[in-house]
Amino acid sequence: MTMWCPDLSRHAGPAYCAIADAVGAAVASGRLAPGDRLPPQRDLAYRLGLSLNTVTRGYAEAIRRGYLDGAVGRGTYVRTPPADRPAAEGARAALTRPVAGPIDFANNLPFRGSAADALARTLAGLAADTALGALLDHKPDVALDRHAEAGRRWIATLGLDGSGRRVVLTSGAQHGLLVTLLALTRPGDAILVEELTYPPLLAIARRLGLHVFPVALDGEGVAPAALDELCRTTAARVLCCTPTLQTPTAVTMGAERRRAIADLAERHRLTVVEDDVFGFLPAARPAPLAAYAPDRTVLVASTSKSLAPGLRVGYLHAPERLEAALRSAVALSSWMPPPLMAEVATRWIEDGTAERLNAEQRAEARHRREMARAMLAGGVLAGSPDGFHLWLPLPDPWSPDGFEAAARRLGVEVRGGPRFAVDARARPAAVRLCLSHEIDRERVEIGLRTIARLLDGGYDADAFLV
């Protein structure tokens, strides 16, 4: 056991974060080596003059960041990189996604894939480009037109004709949702959203002063009868929905359902905001809603889920009549998306890299979904086999909050159904599992075994019921 005792005065922020920072610095400098055992938490708390709870939180944060491993009865050790991964690669991975600590089935981010290698090649090509300076100019119109054309080509692979429509660039899909609602609504307006939905959409609506009405869902997504009723009884003229791999249910609307929603949009003069952020993941899917109601739909697409999470490039594929309003909203919120990042996405679309990276995402998503299907044989998995997330209905007597707490106590982070409900009183008895955030398949397998044991009665649900 090392007698390590950090000088926290060199680290800013809360004391528990300072402890984690100090661990990271000691590991980086070699003062703490893989396999070193840290002092017991109570001893370190005494030496530092801190509470035991603060030191416990500091160790937990260092584990979350990937610096340490902890085991009940054995103590806390500096993490040793797995034998099949070079130490440098393990350290780099720990800067973004921890490879130790709680298993993360909560964050719905894509698999890492080979995007880093592709980016290195693209940056080398950019460095040799004599026209690179144009991408640092104020609104480089020629470059932006080319970037929009690449987005149009990328979206066209989904089966959406670009005639009579325009592409407006945004800084990712979430920015695209903000921009679209800025362009389509005013404070006090009513909008319709799926009764279970993407939580940041609700946060955007609140910030814009919008009144949100939830639309009931069924096994194919938005229920037409419920939508028709709300269109007749509210003043809402905007519907936000995710027809492909809906969050959180992972349901994909069939072609007939899309046609029914499009017909209602035409009948009620409803503008549909189609969040198609997962649209490039399925190997086969119906055409976007925008194909059925082209003059009534703004399709929001991006590169973050299909290629790499940090590639924040979004595309609004919209009717010509909305182009000016959308561009004004982009200018208001960010002036313009970063041209350099859009150039990376454009080059990937043009040279086939985007198609290859998307195929990697699709293959890994399917593999991990099959892992879940095999290991959670006792559970009912809702949704398509093509996405990163799945919807797991819970058996009695589990509550969603209780299951989330039990999984967390066993080292697995999940998200309970109530987190996605528009109506705070709703308690959908299910949890969402996101399988692509974890780097290693081995950790995914461990997490799934833990979930399976909870479902199979390996733990007493009464101890976790909320």
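Predicted model: local features only at pLDDT ≥ 70, side-chain atom pairs only at ≥ 80, totals over all residues.
## Helices, strands and cores

Student: What do the buried residues of helix 16 pack against?
Tutor: Let's say what buried means: under 20% relative accessible area, with exposed being over 50% and partly exposed in between (1.4 Å probe, protein chains only). In helix 16 the buried residues include Val444, Leu448 and Ile451. Packing rests on contact, that is, heavy atoms within 4.5 Å. The partners are strand 3 (103-104), helix 14 (353-375), strand 13, helix 15 (400-409), strand 14 (412-413) and strand 16 (430-434).

Student: Which side chain makes a polar contact with the side chain of histidine 389?
Tutor: A polar contact is a pair of N or O atoms within 3.5 Å; within protein, one must be able to donate a hydrogen and the other to accept it, and residues adjacent in sequence count only if both atoms are side-chain atoms. The histidine 389 side chain also reaches a backbone oxygen, that of glutamine 246, at 2.9 Å. The side-chain partner, at 3.3 Å, is asparagine 108.

Student: Which are the edge strands of the sheet that holds strand 13?
Tutor: Two strands pair if DSSP finds at least two bridges between them. Here three strands make an open, antiparallel sheet in the order 13-16-15. Each edge strand pairs on one side only, and these are strand 13 and strand 15 (415-416).

Student: How many residues of strand 12 (residues 314-319) are buried?
Tutor: Strand 12 pairs antiparallel with strand 4 (residues 165-170) over six bridges, and valine 167 stands opposite histidine 317 there. Strand 12 also pairs antiparallel with strand 11 (residues 297-302), over four bridges. Strand 12 is largely enclosed by the rest of the structure because its buried residues number six of the six.

Student: Within what arc do the buried residues of helix 12 fall?
Tutor: The buried residues of helix 12 are Glu323, Leu326, Ala329 and Val330. The arc is taken from the directions from the helix axis to the C-beta atoms. Seen down the axis, these buried residues line one face of helix 12 because they fall within an arc of 130°.

Student: Which exposed residues sit on the face of helix 12 turned away from its buried side?
Tutor: What covers the buried residues of helix 12 includes strand 4, helix 7 (173-184) and strand 12. The face turned away carries the exposed residues Ala324 and Leu332.

Student: Which residues of the largest nonpolar core touch the most other members?
Tutor: A nonpolar core is a set of buried Ala, Val, Leu, Ile, Met, Phe, Trp, Tyr and Cys residues joined through side-chain atoms within 4.5 Å. The largest one has 31 residues, and those touching the most other members are Leu181, Cys240, Leu316 and Leu326.

Student: And which element supplies the largest share of this core?
Tutor: Several elements each supply at least two residues of this core, including strand 11, strand 12 and helix 12. The largest share is five residues, and they come from helix 7.

Notes
Residues numbered from 1 in each chain as written. Heavy atoms only, no water.
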